[in-house]
Amino acid sequence: MYRPQSKGMTPKLKAAIGLGAAMALPILATSCEDNLSDIGNSLAKGEVVISIDSVGFKLNGHSVEAPVIDSRSTTNLLGRLSVPEYGDLQCSFVSRLMCVSELNIPDSIISDSICSYRMTLNIPRGQITGDTLAPQQLSVYKLTRQLPDSITNLFDATGYYDPSKPLGVKSFTASAVAMKDSAFSKLTTIPLSVELPIADGRQILEEYRTNPATFAWPSSFAKYFPGIYVENSFGNGCVINISSVNTQLFYKHRLSKKVLVDSIYVDKVYTKIDSVPVFGSAPEVLSSNNIRLIPSTAVTGAVSDGEVILQSPAGYNVEISFPAQEIIDQYREQSGNMSVVNNLTLSIPVEHTSNKFGITMPPNLLLIKSSELAEFFEKNKVPDDKSSFWGSYSSSTKSYSFTSMREYIVDLIESGQKVDEKDMQFTIVPVAITTETSGSTMMVTSCVPYLARPTLCSLKLNDAMIKFTFSREQID
């Protein structure tokens, strides 16, 4: 029979149903009413009480500087931005390049047939922060040394390229990236093309024909062409996200076709221009952002006043102390021998920092034990729902929710030991999440620092909600 409970955690919602039914359908606790029948009494002698505690557990935390980040990514930021509410941001990038293993160019084409050598930087639509009409200029340089494997956003490219010999220079405005007219509506990315020296393109063709082993592996190609350095060489007020870089050789060749002239077919010779890809950025090769951020006095002042600020890239992370020991203490006080942990979730409200430059909140956050943060990104790990979790922003609730923390708390309960301090210290980091779906199962395949665009927000830890749910059998 259903028996309302008057003691225990507050507030709570408890339902008494047969043990077998409760284990199969624990979510019935959210809809129990006083007039429920005694269905289930024939299945078990006792009752299963589902306890939900969402009040009493407090989250404490503060902002911490994150000037050094793992900036390896296929997403590259380029530009300069100064925002009173945000700070001063400067972005450039370096990248090794993935070569094609075979140049699909006819043997009849000689190097003098190369008429253009072009690099294209692809910008996803809408991936721009700042003033789209501000004049900008970028410069592309060929690296003269191999990039270090251990690289961060503070990498200084000085000494890795010759500043007097740019491969190409491009002046532009980013207005096309933000255009919404019919001419751009079908494009998912906006190409930004940079002309490179034709002589270099012809040399690449000669290298391919005389030393094809150069193009056999990325490592052998890197010895011939170590990579590129791309910087914003003029302009301010705009930062763009470059999703990929590729280069192409354009060549002329003569073709003939028969045409009808005065009732007689004759051969007409004409010139055609074709192109072939040569190399480009790829997940298989190193690409890294060089990012310098000086937070504004508005941001540093808010942090000094105790506001919990989250800022990226290379701004502020948030460290929190999660009340795992308190949760376990209450669980042991309320549970018996027949008890099952259903779930543990965390929801953190967030407030957007208003600005005129389109700086928004990150789409996803990583919640990870602070002791594992560095290794997580260094080894390209993904959240395991034990010591690391991810949560998405909900515009309807204006909060981030971490919904799968059950294994974390179960492992601590089963250890039978007092919770170590390091198991309760977590760091919150803005991240980009890539997922794949198989049937009804969604898997995270990639989790990297969020570098698509600058972000800034304030986490309202005082209003965070920790919800701990467990079921226990109550014997009459």
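Me: In β5, which residue is the bridge partner of Arg 80?
Reply: This is a predicted model. Strand β4 covers residues 76-83, and strand β5 covers residues 87-95. The two pair in the antiparallel sense over 5 bridges. In β5, the partner of Arg 80 is Gln 90.

Me: How many residues does the hairpin between β4 and β5 run through?
Reply: β4 and β5 are antiparallel partners. A hairpin joins β4 to β5. The number of residues it passes through is 3.

Me: How many of the 8 residues of β4 are buried?
Reply: Buried means under 20% relative accessible area. Strand β4 is mostly covered. Its buried residues number 6 of 8.

Me: Is Ile 327 buried or exposed?
Reply: Ile 327 sits in helix α6, residues 324-334. Among the residues it touches are Phe 57, Leu 344 and Ile 466. Its relative accessibility is 0%, and the cut-off for burial is under 20%, so Ile 327 counts as buried.

Me: What distance separates the C-alpha atoms of Ile 327 and Ile 466?
Reply: Ile 327 and Ile 466 are 139 residues apart along the chain.

Me: What accessible area do Val 261, Ile 264 and Val 266 have together?
Reply: Val 266 is found in strand β15, residues 264-280. Val 266 is partly exposed, at 33% relative accessible area. With Val 261 and Ile 264, Val 266 forms a nonpolar surface patch of about 230 Å².

Notes:
Residues numbered from 1 in each chain as written. Predicted model: local features only at pLDDT ≥ 70, side-chain atom pairs only at ≥ 80, totals over all residues. Heavy atoms only, no water. Buried < 20%, exposed > 50% of the residue type's maximum accessible area, 1.4 Å probe, protein only. Helix = DSSP H or I, 4+ residues; strand = E, 2+ residues; numbered from the N terminus. Pairing = 2+ DSSP bridges. Patch = residues over 30% accessible without salt bridge, like charges linked within 9 Å, V, L, I, M, F, W, Y side chains within 5 Å. Areas by Shrake-Rupley, 256 points an atom, 1.4 Å probe, with all protein chains shown as cover. Salt bridge = Lys/Arg side-chain N within 4 Å of Asp/Glu carboxyl O. Contact = heavy atoms within 4.5 Å. Lists of a residue's contacts leave out its neighbours within four places in sequence.
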